[in-house]
Amino acid sequence: MDFQELLLIAFRATIVYLAALLVVRILGKREIGSVGAFDLIVSLIIGESVDEAIYGDVSMLKFFVLIATIAAWHLVNSWATYKSKKLDQLLESQPTVLVEHGKIQEEALASQRINEEELYSQLRLNGFEDLQEVKKATLEPSGHVSVLQEDWAKPVQKRDLIRSQSEG
Amino acid sequence: MRSEIFGVILRASIIYLYALILVRLSGKRSIVSLTPMDFLVALLIGDQFDDVFWGQVPLASGLTSIGVIILLHTLVSFLSSRNHWFNRVIVGCSPTPVIHDGNLIPAGLRKERTNEGEVWSELRFKGMTDLKEIKEGNWEPNGRLSVIKQEPARTVTKEDLSRLLETIQ
(Lines give C-alpha, C1' and ligand atoms only; values in the text may rest on other atoms or scores of the structure.)
Protein backbone atom coordinates (compact mmCIF):
# COMPACT_ATOMS: atom_id res chain seq x y z
CA MET A 1 0.00 0.00 0.00
CA ASP A 2 1.51 3.28 -1.03
CA PHE A 3 1.27 6.64 0.60
CA GLN A 4 -0.93 8.09 -2.12
CA GLU A 5 -3.63 5.50 -1.50
CA LEU A 6 -3.70 6.33 2.22
CA LEU A 7 -4.02 10.01 1.38
CA LEU A 8 -6.93 9.18 -0.89
CA ILE A 9 -8.65 7.25 1.92
CA ALA A 10 -8.15 10.19 4.27
CA PHE A 11 -9.59 12.48 1.61
CA ARG A 12 -12.65 10.26 1.03
CA ALA A 13 -13.20 9.86 4.78
CA THR A 14 -13.20 13.64 5.12
CA ILE A 15 -15.79 14.03 2.36
CA VAL A 16 -17.96 11.29 3.83
CA TYR A 17 -17.77 12.88 7.27
CA LEU A 18 -18.75 16.27 5.91
CA ALA A 19 -21.60 14.74 3.88
CA ALA A 20 -22.90 12.94 6.99
CA LEU A 21 -22.65 16.18 8.97
CA LEU A 22 -24.64 17.96 6.27
CA VAL A 23 -27.38 15.29 6.31
CA VAL A 24 -27.71 15.48 10.09
CA ARG A 25 -27.87 19.28 9.92
CA ILE A 26 -30.57 19.20 7.24
CA LEU A 27 -32.64 16.55 8.98
CA GLY A 28 -32.26 18.28 12.32
CA LYS A 29 -31.46 16.68 15.64
CA ARG A 30 -35.01 15.59 16.23
CA GLU A 31 -34.73 13.15 13.34
CA ILE A 32 -31.35 11.53 13.87
CA GLY A 33 -30.53 12.35 17.48
CA SER A 34 -33.92 11.42 18.89
CA VAL A 35 -34.64 8.23 20.74
CA GLY A 36 -37.01 6.61 18.25
CA ALA A 37 -36.21 3.00 17.42
CA PHE A 38 -36.59 3.75 13.72
CA ASP A 39 -34.27 6.76 13.98
CA LEU A 40 -31.66 4.38 15.29
CA ILE A 41 -32.13 2.16 12.23
CA VAL A 42 -31.81 5.15 9.88
CA SER A 43 -28.60 6.21 11.64
CA LEU A 44 -27.29 2.66 11.24
CA ILE A 45 -28.28 2.59 7.54
CA ILE A 46 -26.28 5.76 6.90
CA GLY A 47 -23.42 4.63 9.14
CA GLU A 48 -23.11 1.22 7.54
CA SER A 49 -23.04 2.49 3.99
CA VAL A 50 -20.06 4.78 4.42
CA ASP A 51 -17.28 2.20 4.54
CA GLU A 52 -17.65 1.13 0.92
CA ALA A 53 -17.48 4.78 -0.10
CA ILE A 54 -14.40 5.43 2.02
CA TYR A 55 -12.48 2.42 0.69
CA GLY A 56 -13.48 3.19 -2.86
CA ASP A 57 -15.56 0.05 -3.47
CA VAL A 58 -18.41 2.31 -4.45
CA SER A 59 -18.21 5.65 -6.23
CA MET A 60 -18.73 8.85 -4.27
CA LEU A 61 -21.59 9.75 -6.60
CA LYS A 62 -23.47 6.59 -5.64
CA PHE A 63 -22.87 7.33 -1.97
CA PHE A 64 -24.27 10.84 -2.31
CA VAL A 65 -27.29 9.51 -4.18
CA LEU A 66 -27.87 6.93 -1.44
CA ILE A 67 -27.77 9.26 1.55
CA ALA A 68 -29.77 11.89 -0.34
CA THR A 69 -32.47 9.27 -1.02
CA ILE A 70 -32.59 8.09 2.59
CA ALA A 71 -32.61 11.66 3.90
CA ALA A 72 -35.37 12.64 1.47
CA TRP A 73 -37.55 9.73 2.60
CA HIS A 74 -36.92 10.57 6.22
CA LEU A 75 -37.97 14.18 5.61
CA VAL A 76 -41.10 13.05 3.74
CA ASN A 77 -41.89 10.64 6.58
CA SER A 78 -41.65 13.25 9.34
CA TRP A 79 -43.48 15.84 7.24
CA ALA A 80 -46.33 13.43 6.43
CA THR A 81 -46.78 12.30 10.04
CA TYR A 82 -46.79 15.98 11.06
CA LYS A 83 -49.47 16.81 8.47
CA SER A 84 -51.73 13.78 8.84
CA LYS A 85 -53.00 12.65 12.21
CA LYS A 86 -54.09 9.29 10.84
CA LEU A 87 -50.67 8.51 9.44
CA ASP A 88 -49.11 9.60 12.73
CA GLN A 89 -51.26 7.13 14.63
CA LEU A 90 -50.31 4.44 12.15
CA LEU A 91 -46.57 5.03 12.15
CA GLU A 92 -45.77 6.55 15.50
CA SER A 93 -47.03 4.96 18.65
CA GLN A 94 -49.76 6.51 20.74
CA PRO A 95 -49.52 6.67 24.54
CA THR A 96 -50.91 3.53 26.19
CA VAL A 97 -52.32 3.47 29.73
CA LEU A 98 -50.79 0.50 31.60
CA VAL A 99 -52.13 1.07 35.11
CA GLU A 100 -55.26 2.96 36.12
CA HIS A 101 -56.19 3.54 39.78
CA GLY A 102 -53.96 0.73 40.97
CA LYS A 103 -55.27 -1.79 38.46
CA ILE A 104 -53.02 -3.31 35.82
CA GLN A 105 -54.55 -3.08 32.35
CA GLU A 106 -53.82 -6.62 31.17
CA GLU A 107 -54.92 -6.03 27.58
CA ALA A 108 -52.77 -2.94 27.22
CA LEU A 109 -49.76 -4.85 28.53
CA ALA A 110 -50.37 -7.69 26.08
CA SER A 111 -50.81 -5.32 23.14
CA GLN A 112 -47.54 -3.53 23.94
CA ARG A 113 -45.76 -6.82 24.67
CA ILE A 114 -44.76 -5.73 28.17
CA ASN A 115 -44.78 -8.30 30.93
CA GLU A 116 -45.69 -7.53 34.54
CA GLU A 117 -42.08 -7.86 35.60
CA GLU A 118 -41.08 -5.09 33.20
CA LEU A 119 -43.94 -2.93 34.43
CA TYR A 120 -42.91 -3.36 38.07
CA SER A 121 -39.33 -2.62 37.07
CA GLN A 122 -40.47 0.66 35.51
CA LEU A 123 -42.55 1.52 38.59
CA ARG A 124 -39.58 0.84 40.88
CA LEU A 125 -37.39 3.05 38.71
CA ASN A 126 -39.97 5.79 39.32
CA GLY A 127 -39.71 5.06 43.07
CA PHE A 128 -43.04 3.25 43.44
CA GLU A 129 -43.42 0.07 45.40
CA ASP A 130 -47.16 -0.02 45.97
CA LEU A 131 -49.50 -0.31 43.01
CA GLN A 132 -52.26 1.38 45.04
CA GLU A 133 -50.33 4.66 44.96
CA VAL A 134 -50.47 4.72 41.17
CA LYS A 135 -53.30 6.74 39.66
CA LYS A 136 -52.12 6.32 36.10
CA ALA A 137 -49.05 4.75 34.52
CA THR A 138 -48.64 5.46 30.81
CA LEU A 139 -46.26 4.06 28.22
CA GLU A 140 -45.35 7.23 26.34
CA PRO A 141 -44.40 7.36 22.64
CA SER A 142 -40.82 8.05 23.77
CA GLY A 143 -40.73 4.61 25.41
CA HIS A 144 -40.63 6.02 28.94
CA VAL A 145 -43.26 5.02 31.47
CA SER A 146 -44.76 8.07 33.17
CA VAL A 147 -46.44 7.63 36.55
CA LEU A 148 -49.07 9.87 38.15
CA GLN A 149 -49.74 9.41 41.86
CA GLU A 150 -53.08 9.20 43.60
CA ASP A 151 -53.86 12.46 45.35
CA TRP A 152 -53.30 11.10 48.87
CA ALA A 153 -49.89 9.73 47.95
CA LYS A 154 -48.62 13.04 46.58
CA PRO A 155 -46.00 14.92 48.59
CA VAL A 156 -47.21 17.78 50.77
CA GLN A 157 -46.97 21.17 49.14
CA LYS A 158 -46.76 24.52 50.87
CA ARG A 159 -50.37 25.27 50.02
CA ASP A 160 -51.46 22.16 51.95
CA LEU A 161 -49.80 23.53 55.07
CA ILE A 162 -51.35 26.95 54.53
CA ARG A 163 -54.77 25.38 54.03
CA SER A 164 -54.54 23.24 57.17
CA GLN A 165 -53.30 26.27 59.09
CA SER A 166 -56.35 28.29 58.10
CA GLU A 167 -58.65 25.35 58.85
CA GLY A 168 -57.38 24.73 62.31
CA MET B 1 -24.08 4.36 -15.08
CA ARG B 2 -27.48 6.03 -15.10
CA SER B 3 -29.33 2.79 -14.53
CA GLU B 4 -26.90 2.03 -11.68
CA ILE B 5 -27.74 5.33 -9.99
CA PHE B 6 -31.41 4.66 -10.50
CA GLY B 7 -30.92 1.21 -8.97
CA VAL B 8 -29.42 2.73 -5.83
CA ILE B 9 -32.35 5.14 -5.48
CA LEU B 10 -34.88 2.34 -5.97
CA ARG B 11 -33.21 -0.07 -3.53
CA ALA B 12 -32.70 2.68 -0.92
CA SER B 13 -36.38 3.65 -1.17
CA ILE B 14 -37.59 0.06 -0.85
CA ILE B 15 -35.29 -0.62 2.10
CA TYR B 16 -36.37 2.57 3.85
CA LEU B 17 -40.08 1.77 3.59
CA TYR B 18 -39.47 -1.87 4.46
CA ALA B 19 -37.50 -0.94 7.58
CA LEU B 20 -40.19 1.56 8.59
CA ILE B 21 -42.92 -1.09 8.36
CA LEU B 22 -40.85 -3.73 10.18
CA VAL B 23 -39.95 -1.43 13.07
CA ARG B 24 -43.60 -0.40 13.37
CA LEU B 25 -44.75 -4.04 13.39
CA SER B 26 -42.12 -5.00 15.96
CA GLY B 27 -43.79 -2.51 18.32
CA LYS B 28 -40.55 -1.04 19.59
CA ARG B 29 -40.94 2.60 20.44
CA SER B 30 -37.60 3.97 21.30
CA ILE B 31 -34.07 3.15 22.23
CA VAL B 32 -34.95 3.97 25.85
CA SER B 33 -36.88 0.73 26.06
CA LEU B 34 -34.43 -1.34 24.04
CA THR B 35 -33.04 -4.46 25.66
CA PRO B 36 -29.43 -5.42 24.90
CA MET B 37 -30.78 -7.97 22.41
CA ASP B 38 -32.91 -5.33 20.65
CA PHE B 39 -29.79 -3.28 20.20
CA LEU B 40 -27.84 -6.21 18.81
CA VAL B 41 -30.68 -7.01 16.38
CA ALA B 42 -30.64 -3.39 15.20
CA LEU B 43 -26.92 -3.72 14.47
CA LEU B 44 -27.43 -7.10 12.77
CA ILE B 45 -29.99 -5.75 10.33
CA GLY B 46 -28.24 -2.39 9.97
CA ASP B 47 -25.16 -4.17 8.70
CA GLN B 48 -27.14 -5.94 5.97
CA PHE B 49 -28.69 -2.84 4.44
CA ASP B 50 -25.54 -1.55 2.77
CA ASP B 51 -24.87 -4.78 0.88
CA VAL B 52 -28.34 -4.45 -0.60
CA PHE B 53 -27.93 -0.76 -1.48
CA TRP B 54 -24.79 -1.34 -3.47
CA GLY B 55 -26.27 -4.35 -5.19
CA GLN B 56 -23.71 -6.78 -3.71
CA VAL B 57 -26.63 -8.92 -2.55
CA PRO B 58 -29.93 -9.37 -4.47
CA LEU B 59 -32.78 -7.28 -3.08
CA ALA B 60 -34.94 -10.35 -2.41
CA SER B 61 -32.22 -12.03 -0.33
CA GLY B 62 -31.67 -8.90 1.74
CA LEU B 63 -35.38 -8.38 2.40
CA THR B 64 -35.82 -12.03 3.35
CA SER B 65 -32.89 -12.10 5.74
CA ILE B 66 -33.82 -8.81 7.45
CA GLY B 67 -37.48 -9.86 7.64
CA VAL B 68 -36.68 -13.24 9.20
CA ILE B 69 -34.41 -11.72 11.87
CA ILE B 70 -37.05 -9.17 12.88
CA LEU B 71 -39.79 -11.81 12.81
CA LEU B 72 -37.78 -14.14 15.07
CA HIS B 73 -36.94 -11.33 17.44
CA THR B 74 -40.57 -10.19 17.63
CA LEU B 75 -41.60 -13.77 18.35
CA VAL B 76 -39.06 -14.02 21.18
CA SER B 77 -40.21 -10.74 22.75
CA PHE B 78 -43.85 -11.83 22.37
CA LEU B 79 -43.14 -15.12 24.15
CA SER B 80 -41.20 -13.40 26.90
CA SER B 81 -44.11 -11.02 27.54
CA ARG B 82 -46.50 -13.95 27.88
CA ASN B 83 -44.40 -16.56 29.61
CA HIS B 84 -42.61 -15.86 32.88
CA TRP B 85 -40.27 -18.83 32.55
CA PHE B 86 -39.27 -17.95 29.00
CA ASN B 87 -38.53 -14.39 30.06
CA ARG B 88 -36.34 -15.42 32.99
CA VAL B 89 -34.45 -18.28 31.37
CA ILE B 90 -34.11 -17.37 27.69
CA VAL B 91 -34.19 -13.58 27.70
CA GLY B 92 -32.74 -13.14 31.18
CA CYS B 93 -34.58 -9.90 31.87
CA SER B 94 -35.09 -9.88 35.61
CA PRO B 95 -34.06 -7.39 38.29
CA THR B 96 -31.09 -8.16 40.55
CA PRO B 97 -31.32 -7.05 44.19
CA VAL B 98 -28.17 -5.15 45.17
CA ILE B 99 -29.31 -3.28 48.30
CA HIS B 100 -31.50 -4.60 51.11
CA ASP B 101 -32.39 -2.72 54.30
CA GLY B 102 -29.49 -0.33 53.94
CA ASN B 103 -26.88 -2.99 53.17
CA LEU B 104 -25.19 -3.81 49.88
CA ILE B 105 -25.64 -7.36 48.61
CA PRO B 106 -22.22 -8.54 47.38
CA ALA B 107 -23.69 -11.51 45.48
CA GLY B 108 -25.98 -9.17 43.50
CA LEU B 109 -23.09 -6.86 42.65
CA ARG B 110 -21.04 -9.85 41.49
CA LYS B 111 -23.90 -11.09 39.32
CA GLU B 112 -24.22 -7.72 37.60
CA ARG B 113 -20.41 -7.44 37.37
CA THR B 114 -20.60 -4.03 38.93
CA ASN B 115 -18.99 -2.45 41.98
CA GLU B 116 -19.86 -0.22 44.89
CA GLY B 117 -18.68 2.84 42.99
CA GLU B 118 -21.33 2.39 40.32
CA VAL B 119 -24.03 2.01 42.96
CA TRP B 120 -22.93 5.27 44.57
CA SER B 121 -22.91 6.94 41.17
CA GLU B 122 -26.52 5.88 40.54
CA LEU B 123 -27.50 7.02 44.05
CA ARG B 124 -25.94 10.45 43.52
CA PHE B 125 -28.07 10.85 40.39
CA LYS B 126 -31.07 10.34 42.65
CA GLY B 127 -29.70 12.83 45.17
CA MET B 128 -29.08 10.18 47.82
CA THR B 129 -25.93 9.73 49.88
CA ASP B 130 -27.07 7.44 52.69
CA LEU B 131 -27.48 3.70 52.18
CA LYS B 132 -29.45 3.48 55.43
CA GLU B 133 -32.32 5.36 53.76
CA ILE B 134 -32.83 2.51 51.30
CA LYS B 135 -35.19 -0.38 51.81
CA GLU B 136 -34.61 -2.05 48.48
CA GLY B 137 -32.31 -1.37 45.57
CA ASN B 138 -32.61 -3.38 42.34
CA TRP B 139 -30.45 -3.39 39.28
CA GLU B 140 -33.16 -3.30 36.61
CA PRO B 141 -33.00 -4.94 33.15
CA ASN B 142 -32.47 -1.53 31.49
CA GLY B 143 -29.19 -1.17 33.41
CA ARG B 144 -30.36 1.41 35.94
CA LEU B 145 -30.67 1.18 39.70
CA SER B 146 -34.16 1.50 41.16
CA VAL B 147 -34.50 2.59 44.77
CA ILE B 148 -37.37 2.10 47.21
CA LYS B 149 -36.78 4.23 50.33
CA GLN B 150 -37.31 3.23 53.94
CA GLU B 151 -40.52 4.56 55.41
CA PRO B 152 -38.89 7.29 57.59
CA ALA B 153 -36.89 8.61 54.64
CA ARG B 154 -39.89 9.12 52.36
CA THR B 155 -41.42 12.49 51.60
CA VAL B 156 -44.46 13.53 53.62
CA THR B 157 -47.64 12.79 51.70
CA LYS B 158 -51.01 14.50 51.84
CA GLU B 159 -52.31 11.42 53.63
CA ASP B 160 -49.60 11.75 56.31
CA LEU B 161 -50.56 15.40 56.83
CA SER B 162 -54.29 14.74 57.22
CA ARG B 163 -53.55 11.88 59.65
CA LEU B 164 -51.34 14.17 61.69
CA LEU B 165 -54.06 16.82 61.76
CA GLU B 166 -56.59 14.25 62.95
CA THR B 167 -54.40 13.17 65.88
CA ILE B 168 -53.82 16.78 66.89
CA GLN B 169 -57.51 17.63 66.95
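What share of the 169 residues in chain B is buried? The points below start from that figure.

1. The model is predicted. Buried residues account for 38% of the 169 residues in chain B. The accessible surface of the chain is about 9700 Å², and carbon and sulfur atoms hold 62% of that area.

2. Chain B contains seven helices and four strands. Their order along the sequence is α-α-α-α-β-β-α-α-β-β-α.

3. On overall dimensions, the radius of gyration of chain B is 24 Å, whereas a compact globule of 169 residues would have one near 15 Å. Along the principal axes, the C-alpha atoms fill a box of roughly 85 × 40 × 30 Å. Among contacts in chain B with a separation of 6 or more, 48% join residues 24 or more positions apart.

4. On charge, chain B carries 19 positive and 18 negative side chains. The centres of these two sets are 4 Å apart.

5. Two backbone angles deserve a remark. Most residues other than glycine have a negative phi. B:Asp101 is not a glycine, yet its phi is positive, at about 45°. B:Asp101 sits in the loop between β1 (96–100) and β2 (103–104) of chain B. With 42% relative accessibility, B:Asp101 counts as partly exposed, because that class lies between the 20% limit for buried and the 50% limit for exposed.

6. B:Arg113, also a residue other than glycine, has a positive phi near 45°. B:Arg113 belongs to the loop between α5 (106–111) and α6 (116–125) of chain B. The relative accessible area of B:Arg113 is 74%, so this residue is exposed.

Key
Residues are numbered from 1 along each chain as its sequence is written. Chains are lettered from A and ligands numbered from 1 in the order in which they are written. This is a predicted model: local features need pLDDT of at least 70, side-chain atom pairs count only at pLDDT 80 or more; totals for chains, interfaces and linings use all residues. Side-chain values use heavy atoms; hydrogens and water are left out. Helices (H or I, at least four residues) and strands (E, at least two) are DSSP runs, numbered from the N terminus. The radius of gyration is taken over C-alpha atoms; the globule rule is 2.2 Å times the number of residues to the power 0.38. Buried means under 20% relative accessible area, exposed over 50%, partly exposed in between (1.4 Å probe, protein chains only). Contact means heavy atoms within 4.5 Å. Accessible areas come from the Shrake-Rupley method with a 1.4 Å probe; for residues, only the protein chains shown count as cover. Lys and Arg count as positive and Asp and Glu as negative; His and the chain ends are not counted. The place of a charge is taken as NZ of Lys, CZ of Arg, CG of Asp or CD of Glu.
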